Each structure stands twice: as C-alpha cells, then as structure tokens.
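Please look over the sequence and the model shown here before reading on.

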Amino acid sequence: MPPERRSFGARRVALIVTAAVAAVMIGLAGFAVGRLSTLDNPTPTATSAEAGFARDMQVHHLQGAELAMIIRDRTDDVDVRRLAYDIALTQSQQAGQLYGWLTEWNLSQAGPEPSMTWMTRPGRSGSTHAHDAGDSSAGAHTPGDPMPGLATDDQIAELTAASGVAAERTFLTLMIAHHRGAVEMAEAAQDRANNTSILGFASAVITSQEAEITLMEGMLQSREP
C-alpha cells in the first residue's frame, strides 16, 4: 500500500474514533447529566433557544440521514458506504433524542414561530448569528430562512440521479456544507441556551461534525478528477 494511502487510512481511523467518542458524549452528557441536573435547569419555554434548536436540528439531522441513505444505494465504495451508515445512524439517533427532550419539556414538536427565529435573537455575545460565521459581511438569519447547510431539492435530485464516483463527489460536497451548517447552529445554541442537556449536545455535535468535515475533505480531494 502506498505511504499516502496508509497515512489517509490512519487519519480516517483517528477521525472516526473522535466522532464516535463525541457521539457517546452526546448520549451520556446530554441524557445522564441532563437527568441528574434537572433541578438546576428551568424547563425551556416554547420560544426558547433550546426549543428552537431542538426542533430545527431535528429537521437538519433527518435530511443528513436522508442524504446518507441515498449515497449508500449509489456507490460500491466501502469507505463512503461506511461513512454514510455512520451518519445515518448517528443523526437519526440524535434527532430522536431532540424529539424526546421536547416531549419531556411538554413542548410541541411544531414551534409557534417560523424556523430559525431563535437564531435571529442576540446571544450572550451580543450579536445575531451570521449565515457564515467566518464571513463578517454575511447577513444575519431572518425567521423562516432555510437552515444553514440544508441541501436544496435540486441538489438532492442531482445526487439521486448520479452514481459511482460522481455521486460520491456530490454527496461529500453536500455533506461537508451540511455539517458546517450544523456546526453553525450548534455554536448559536451555545451562545443562547442555558439548559445543560442542550449545551452538552451542541458541544458534542461541534466536535464530531468538525472531525467528519476533515475526513470528508480528504475523501473529496482524493476523488477530484
């Protein structure tokens, strides 16, 4: 095996371990610690950042699982299929966890405000969250805006119509953007939420999805024509 392939393989293992550990952190810190600290956490309200994040991230994660299942049927590449399975399983589980928290808080799964409204309110940092946290010229979200990183219907159709390496490139491009959007939402939740379950969940999402972004960037680079 060429040295560069061995290097990529070792890097891949390390990043998947990081993502897996972060997923465990979500389950343990978000559930166990959240349960133990219930008395210290006021129940989130219907228009709180916690509730808005829980509703919107469910939608975001479920699309991530959808994209992952699409690529699994359009490639024979072992690494891409394994990554897709991991994403589909993890994001479906996390969406269910967010659903469960809303139920535990006696809040509706459908919010009283347009999606992303919670991100338009200033956080503790004193500013609203921009579309691209690294772009100071980006405008702030407006209520009802698409969630950051969501694939459009046309992009999903493009992925569905592709196969082989072309499908892999499309998937990796879409999922990198999707993960970056999830990180942006999680950072916004950290700036606005007080509930320890949501704060732990957001922190673990950032850790795991940033690790997967690095992994997918390497996979995409190796598939460039």
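The model is a predicted one.

**The nonpolar cores**

In general, nonpolar side chains tend to be buried together in soluble globular proteins. The largest nonpolar core here comprises 26 residues. Those with the most contacts inside this core are Phe53, Met57, Leu98, Trp118, Met185, Ile198 and Phe201. At least two residues of the core come from each of H2, H3, helix H4 (117-120), helix H6 (164-192) and helix H7 (196-222). H6 gives the most, with 6 residues. A second, separate core has 25 residues, including Val80, Leu159, Leu174 and Ile176.

Within the largest core, Met185 is one of the residues with the most contacts. Leaving aside residues up to four places away in sequence, Met185 touches Phe53, Asp56, Met57, His60, Met116, Trp118, Met119, Met147 and Pro148.

**Asp77 and its surroundings**

Asp77 is found in the loop that lies between helix H2 (49-72) and helix H3 (78-104). Because its relative accessible area is 23%, Asp77 is classed as partly exposed. When residues up to four places away in sequence are not counted, Asp77 touches Glu168 and Arg223. Two distances involving Asp77 are set out in the table.

| Pair | Atoms compared | Distance |
|---|---|---|
| Asp77 and Glu168 | C-alpha to C-alpha | 8.6 Å |
| Asp77 and Val80 | side chain of Asp77 to backbone nitrogen of Val80 | 2.9 Å |

In sequence, Asp77 and Glu168 are 91 residues apart. Val80, whose backbone nitrogen the Asp77 side chain reaches, is included in the second core.

Technical notes:
Residues are numbered from 1 along each chain as its sequence is written. This is a predicted model: local features need pLDDT of at least 70, side-chain atom pairs count only at pLDDT 80 or more; totals for chains, interfaces and linings use all residues. Side-chain values use heavy atoms; hydrogens and water are left out. Helices (H or I, at least four residues) and strands (E, at least two) are DSSP runs, numbered from the N terminus. Buried means under 20% relative accessible area, exposed over 50%, partly exposed in between (1.4 Å probe, protein chains only). Contact means heavy atoms within 4.5 Å. A polar contact is a pair of N or O atoms within 3.5 Å; within protein, one must be able to donate a hydrogen and the other to accept it, and residues adjacent in sequence count only if both atoms are side-chain atoms. A nonpolar core is a set of buried Ala, Val, Leu, Ile, Met, Phe, Trp, Tyr and Cys residues joined through side-chain atoms within 4.5 Å.
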